[in-house]
Amino acid sequence: MIKVVQIQFSTESGGRAALRLQRALLKRNADSNIVSLLRGAPGISRITYLGVKSKFLSKIDNKLQAFLTRKILPKMGSFSYPVLGTDISKLDVVKNADVIYIHWALNGMLNFKSIDRLARLKKPLIIFLHDMWAVTGGCHHSFDCTKYKTIGCQSCPMFGHTIKNDLSAKEFQKKQRLYSKYDNLYFISPSHWLFNCAKASLLTKDKPVFYIPNILDDRIFKENDATVAKQLLNINTHEKVIAFGAIEVNSPYKGWAYLQRALEIFHASTKNENISVLIFGSGYNKQMDEAIPFKVKFMGYLKDEYAASLVFNAVDVFIAPSLAEAFGYVVMESLSCGTPVVGFNVGGIPDMIQHKENGYLAKYKDAEDLAAGISYCLTNNIKGSLPYGIQPGLTIQKHLDLFDYILSQKNK
Amino acid sequence: MIKIVQLQYSTESGGRSALRLQNAFLDAGIQSTIISLQRDTHPLQNIVYLGRKKRYIARLFTRLETYLTRNKVNKYGMFSFLPSGSNITGLKEIKTADYIYIHWVQHGFLNPHNIGQIARLGKPVIIVMHDMWSMTGGCHYSFDCNGYIKDCKNCPVFIKTKEKKYAEKKLKKKQKVYAANDNLFFVSPSKWLYNCARQSALLKNKPVFYIPNILDTKLFKPVDKKEAKNILDIPTNTTVISFGAVSIESYRKGWIYLNKALLLLKEDKLFTDVILLIFGSDYNKEIAESIPFKTKFLGYLGDEYSTALAYNASDVFVVPSLADNQPTTVQESLACGTPVVGFNVGGIPDMIMHKQNGYLAKYEDENDLAIGIKYCLENKVEAKMLTGFDIETTLKKHMDLFENFKTITKVHND
């Protein structure tokens, strides 16, 4: 039986990818364990949490990073230069593993040295890309900057300066040295867009990169009776509900401004009185409530998958107005529950939304088209569904095939 | 306008009762804030979380306490006696409050001395008892021991002579705090605990009121059972028996009795197509292998919507607790129309009416527990929450309490 260990910062939000993959692997009789820095919900089995010392290091690392990147304006997005980290290569679950996955393990969990230590174990080390960080000199999303694939990161536009040998250049070189030192490194991208970024990056273009989407449990995220779902959530069963996840209003990755404009446009055009908006992931937020022309229901942060599935089943259309998205888990969850999704044609979203079939792919940064998408899905009663390429059964098989491939390479 | 502040260790599990009471207050237009020692990963509204230093000290003391009580007799469960806690009387929320509620505050949040500090502010302090700790020398449940009625001498929780005195000393300290402050009022959510309080050395001369915990019946309500099963991916004709697995290791939660009862039901013809639905735990090999039926582990349910869904998908809910105050799970299940089988102990008989909305089994009798499960399934017992547990009634009792204080204070002033 193959033994997998997956390294991940936490089991919340982005960290769900590792947890869901683990559950899927266990069902297919592969062994899996997670190593997590942060403690998540209780009752999770096969998980090792790092101790107080690691958490302390991570906090110091965050402070140091904040200092190093103090010139970056928040609206430019995230940049990570891991200074401190924990060497986890001596943990039993790591030593006993046949294959190591590194998911999102920044924020002071792993630094270059601790990744090096893991690579030195000579076991296949699979870096699962959840954003662009592993293929750039430090940014999580490069937006329109192409230096990572043309001349190598330098004079990083995020810092707003012209110093050639800056932090991004240093980090780029560090990654270059690390990646070229080992031939047991593999990369997985959950979207075609990120796969193309990795194949074009000077750091990873000669490395083995595979496209394998994220996975979820389609026995939890499935289509159910919408009336019962609405009843359980106290939503009027006659209402048409537009939903989206809470958005940090100023985030450069999430397009709140476009969403807000789109809702206004849609409000002006529709004659339907029975439309409401549902926002999950946030308690009551005055700024959002006042900016939305419909009745708004705030669901708070949903902690478990059954509740999330209820919400997707209770709503009629889901909007994902992301401006940058490596994958887009909420899109997948919604489609898996039979609810259509309207989103911009960007990042991993076009892998999942088939225009006018299971949702609507709006033109990038076009609020009018986003509004048209909402209207299209509601008036045509569009149904969501998972396209063949991202179905969980296929995805888990891809991981198992990858193990076979890697281990057969190793034995050659 | 009335301003309330509620003190509570965390907002998780037991802490939900403070949160629910708060929501009921807020809906009724009464201002309420919770002060919580532990943080939530996703901060909630109207909650003040205490700082890192206080949490750190609390954790250290809790570890020390675990160490100091390492020799205790296992079945008694938690024993809290260390003088660890924070003086929080300087907090703005406390200063501006009209009424102060103290819920579950052990594990290094507040000790009796801190409760005294709060009481000396002179405002009415309402101690909502979520276990027996307020009236004992340290144990949270005394089981068969009646020491708290007198003096907690010769405490059976411990074996060593020196350790046997912890409870006695602590009881005296609590006595001092209670005697020095006549603005302390005690609320018991169950009749059982109310009676314990009326007998106890510490509280028999104190004002004690019976007010059940509050439950939002807009969240916990019956929906189509078949659809609920469907949503959880359970065949609609399969019989679903459910229970919570929050603390399988805890003697008090009585897992061994449920396990035995299930083994008794294994051969029964009625139990050919049965699944055990387990809340609060991921797949657990040990539990799964000791249950003679199919199992489905739902993991930790962090949302009330999914908890309500799980009760709705169940045909019967079993609560095998050997000591419990007013387990919210019972209330939740009944509100969702699912009958409950439990032992006739603690606050459970307040909520279950035998053979009407569930089954009250003889204490520590696995045979009767098994009969109860069978009875509910065979007779398709339709459950309802008994009257007196709804938001309106409960909230009114709290309001009456406030009126009560006014009269008391008036007498004082005169």
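This is a predicted model: local features need pLDDT of at least 70, side-chain atom pairs count only at pLDDT 80 or more; totals for chains, interfaces and linings use all residues.
Let's start inside. In general, nonpolar side chains of soluble globular proteins tend to be buried together. Here, the largest nonpolar core has 243 residues. The residues with the most contacts inside it are I100(A), L310(A), V311(A) and I374(A), along with I102(B), L309(B) and I373(B). Helix α10 of chain A, residues 305–314, gives the largest share of this core, with seven residues. Take I100(A) as an example: setting aside neighbours within four places in sequence, its contacts include V5(A), I7(A), V94(A) and L118(A).

The axes of helix α8 (residues 256–269) and helix α13 (residues 367–379), both of chain A, come within 8 Å and cross at roughly 55 degrees. Because of that angle, α8(A) counts as oblique to α13(A). Their crossing is right-handed. On the α8(A) side, the contact is made by residues including L259(A), I265(A) and F266(A), while α13(A) brings in, among others, L370(A), A371(A) and I374(A). The residues of this contact divide into nine nonpolar, two polar and two charged.

Finally, let's look at two spots in the backbone of chain B. Most residues other than glycine have a negative phi. N46(B), though, has a positive phi, near 60 degrees, and lies in the loop between β2 (31–36) and β3 (47–49) of chain B. D233(B) also has a positive phi, near 65 degrees, and is found in the loop between α8 (225–231) and β8 (239–244) of chain B.

Technical notes. Residues are numbered from 1 along each chain as its sequence is written. Chains are lettered from A and ligands numbered from 1 in the order in which they are written. A nonpolar core is a set of buried Ala, Val, Leu, Ile, Met, Phe, Trp, Tyr and Cys residues joined through C-beta atoms within 7 Å. A residue is buried if 20 or more other C-beta atoms lie within 10 Å of its own, exposed if 12 or fewer, and partly exposed in between; C-beta atoms are placed from the backbone. Helices (H or I, at least four residues) and strands (E, at least two) are DSSP runs, numbered from the N terminus. Two residues are in contact if their C-beta atoms, placed from the backbone, lie within 7 Å. Axes are lines fitted to C-alpha atoms, for helices over the stretch in contact, and angles run from 0 to 180 degrees between N-to-C directions. Angles under 35 degrees count as roughly parallel, over 145 as roughly antiparallel, 65 to 115 as roughly perpendicular and the rest as oblique. A crossing is left-handed if the near helix is turned anticlockwise from the far one by less than a right angle, and right-handed if clockwise. Ala, Val, Leu, Ile, Met, Phe, Trp, Tyr, Cys and Pro count as nonpolar, Asp, Glu, Lys and Arg as charged, and the others, Gly among them, as polar.
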